[in-house]
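Colleague: I would like to learn how to read this model feature by feature. Please take me through it.

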Amino acid sequence: MTATEPDTQPAASHNAPRASGGRRVWRKVALGAAALAVAGGATLGWFLAFPAQAPAAMGRWIEDTTGANPHPVKLLRPAEKPLSVLAQVGQKLFFDPSLSASGKQSCASCHDPARAFGPPTARDVELGGIAMDQEGLRPPPGLTYLYRQKGFTIGPSTADLDVPIPLDQLADKAQTQARQVKSAGTPAEASALVPAGGLFWDGRIDMLMDQAMGPMMNPAEMANKDRFAVVDKLRRLPYLAQLGRLFGQHTLDRPEMLFIEAMSALSAYQVESGAFHRFNSKYDAWLEGKERLTHAEMRGLRLFNDPEKGNCAACHLSQPAADGLPPLFTDSEFEALGVPRNPRLKVNRDPAFFDMGLCGPARQDLARQTQYCGMFLTPTLRNSARRGVYFHNGVYHNLRDVLNFYNQRAAHPEKVYPRDAQGRLLIYNDLPAKYHGNIDVADAPFTQKRGDTPPLSDADIDDIIAFLHTLDDR
Ligand code: HEC
Ligand code: HEC
């Protein structure tokens, strides 16, 4: 959480994570029980039926017995409107395979609407290119909930400065600043200079509109030679006449303009269509007091928020903002988690190749800022239970493996990383050794010592996974 994301500060007391461990909880339970003894049966029935009216001290007791949210909020959702003509054209483009060099691949081929616009398969990475045999570097992110994503910055926000400081200078400054520790228990201070925002796993593109140019011309994706190749294909589309009616026939005659209109149509579709931000998950309904969580889901939510356990909410924000904006389960910041290398990727057959996120090779502008090597954007966890592939290199294929990684990386790295031929453990093996200092050892659950008992039991992991399923759109 930084000054660049003021709208995602946790709301004051709502289901606040346990800051001081078990003792406070027991006091709350005791208070709840005492309150009950006084209140008597009739009142008890009342609170069970209308949990929103229960006193705060009873909150946890209500959660435990009913699964209801004792402090419901009203969520502020984006207004639902019919799609504009531009967005309607964008929707057609999104599903149109004739825009690819192979003639077989549309945006939806890698961003499947049935899977929250994430990868249709559980492959490590998707295939593309002219012959549909080229392998990309990273698995496609889901495209839901990008509507609030801001442009890439290295905090403090350059938006309020008269003369923006060049990225490189900001990054130099960041080298001398201590990194803040992230705990789900305490809101972060707004001073640290941290990279945040942008699109793609490395934040290299700022706007949805610019983004669509990438896949159109990426040789491992839709593989068009250049803009003119795209424009040739656009001209053949009958539904593009709608754009002519909207912007004037001359836009269709000028290749540059046609290309830009098509890109803005694709982005208008993703911003306007409710399919990209439904906020109709079970957790949203729970936040609003309309549904109840099961025992497993409730325990999972607490473990997710607990700074001593999962500490997940430190980066994957779980609380609505004070004004009711629903949580997006990301703080939009970059972290180096030290995810193990994926030996199945073609690019990784070259032992000298490393996908280092912010410092390259997919983006080059921060190549000199080696303190960012290994950092990737924290993804939303909404709809993550729908994915068949996880992390920027697609190394894992189920949530249990992801949770085992978080739980064991610090205490039992031998269960996370492979060994070389001599039997040496290859810790942090997807980043050159000289950058291992960038990897997060400051935030729980990565703060443990080698050999410690990992913070989460198998049952805890089951419950966190049960909770993650409540974040799926329905
Ligand atoms: C061959 C598969 C493939 C195709 C086809 C494809 N994409 Fe993607 N998309 C990806 C991958 C992989 C990434 C992540 C790339 C990275 O991080 O470097 C991505 C990233 C994105 C992102 C950024 C998401 C985020 O969370 O940052 C958007 C938006 C997007 N694609 C939209 C589109 C649109 C629109 C089209 C059609 C014009 C399209 N994609 C076609 C694979 C594909
Ligand atoms: C210090 C910040 C931080 C904490 C704490 C954290 N995460 Fe993450 N999470 C990230 C980042 C960054 C990534 C992407 C890393 C990458 O791909 O290299 C990620 C990725 C994920 C993914 C993969 C999503 C996808 O689309 O591939 C899941 C699932 C996930 N986290 C769940 C959790 C859970 C559950 C916890 C608590 C046990 C947790 N995270 C704690 C920052 C964090």
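Colleague: Which residues of α13 are buried?

Modeller: This is a predicted model. A residue counts as buried if 20 or more other C-beta atoms lie within 10 Å of its own. In α13 the buried residues are Glu-297, Met-298, Arg-299, Gly-300, Leu-301, Arg-302, Leu-303, Phe-304 and Asn-305. That is 9 of the 11 residues of the helix, which spans 295-305, so α13 is largely enclosed by the rest of the structure.

Colleague: What covers the buried residues of α13?

Modeller: The cover includes α2 (59-66) and α15 (458-469).

Colleague: How should I read a pair of packed helices?

Modeller: Two packed helices are described by the angle between their axes and the distance between the axes. Take helix α3 (residues 85-94) and helix α11 (residues 255-272): their axes come within 7 Å and cross at roughly 100 degrees. Angles of 65 to 115 degrees count as roughly perpendicular, and α3 and α11 are therefore roughly perpendicular to each other. On the α3 side, the contact is made by Leu-86, Ala-87, Val-89, Gly-90, Gln-91, Leu-93 and Phe-94. On the α11 side, Ala-262, Ser-264, Ala-265, Leu-266, Ala-268, Tyr-269 and Glu-272 take part. By class, the contact of α3 with α11 has 10 nonpolar, 3 polar and 1 charged residues.

Colleague: At what angle do the axes of α8 and α11 cross?

Modeller: Helix α8 (residues 227-235) crosses α11 at roughly 75 degrees, and the axes come within 9 Å. The pair α8 and α11 is therefore also roughly perpendicular. Arg-227, Phe-228, Val-230, Val-231 and Leu-234 of α8 meet Pro-255, Leu-258, Phe-259 and Ala-262 of α11. The contact of α8 with α11 divides into 8 nonpolar, no polar and 1 charged residues.

Colleague: Now the ligands. Which residues come nearest to ligand 1?

Modeller: A shell can be read by its nearest residues, its contributing elements and its classes. Of the 26 residues around ligand 1, Cys-107, Cys-110, Gly-128, Pro-141 and Pro-215 come nearest. Two or more residues each are given by α4 (107-110), α6 (208-211) and α7 (213-217). The largest share, 3 residues, comes from α4. The shell around ligand 1 has 16 nonpolar, 6 polar and 4 charged residues.

Colleague: And which helix gives the most to the shell around ligand 2?

Modeller: Helix α14 (residues 399-408) does, with 4 residues. The shell around ligand 2 holds 26 residues, and the closest are Gly-310, Cys-312, Cys-315, Phe-391 and His-392. Its classes are 15 nonpolar, 6 polar and 5 charged.

Colleague: Where does His-412 lie?

Modeller: His-412 is in the loop between α14 and α15. With 16 C-beta neighbours inside 10 Å, His-412 counts as partly exposed. The C-alpha atoms of His-412 and Gly-451 are separated by 6.1 Å, and these residues are 39 residues apart along the chain.

Colleague: Over which residues does pLDDT stay under 50?

Modeller: The predictor's confidence is read residue by residue. The chain averages a pLDDT of 86, and 81% of the residues score at least 70. Residues 1-39 stay under 50, and the model has 69 contacts beyond four places in sequence for them. Residues 157-161 also stay under 50, with 5 such contacts.

Definitions and conventions. Residues numbered from 1 in each chain as written. Chains lettered and ligands numbered in written order. Predicted model: local features only at pLDDT ≥ 70, side-chain atom pairs only at ≥ 80, totals over all residues. Near = placed C-beta within 6 Å. Nonpolar A, V, L, I, M, F, W, Y, C, P; charged D, E, K, R; others polar. Buried ≥ 20, exposed ≤ 12 C-beta atoms within 10 Å, placed from the backbone. Contact = placed C-beta atoms within 7 Å. pLDDT = per-residue confidence, 0-100. Axes fitted to C-alpha atoms, helices over the stretch in contact; angles between N-to-C directions. Parallel < 35°, antiparallel > 145°, perpendicular 65-115°, else oblique.
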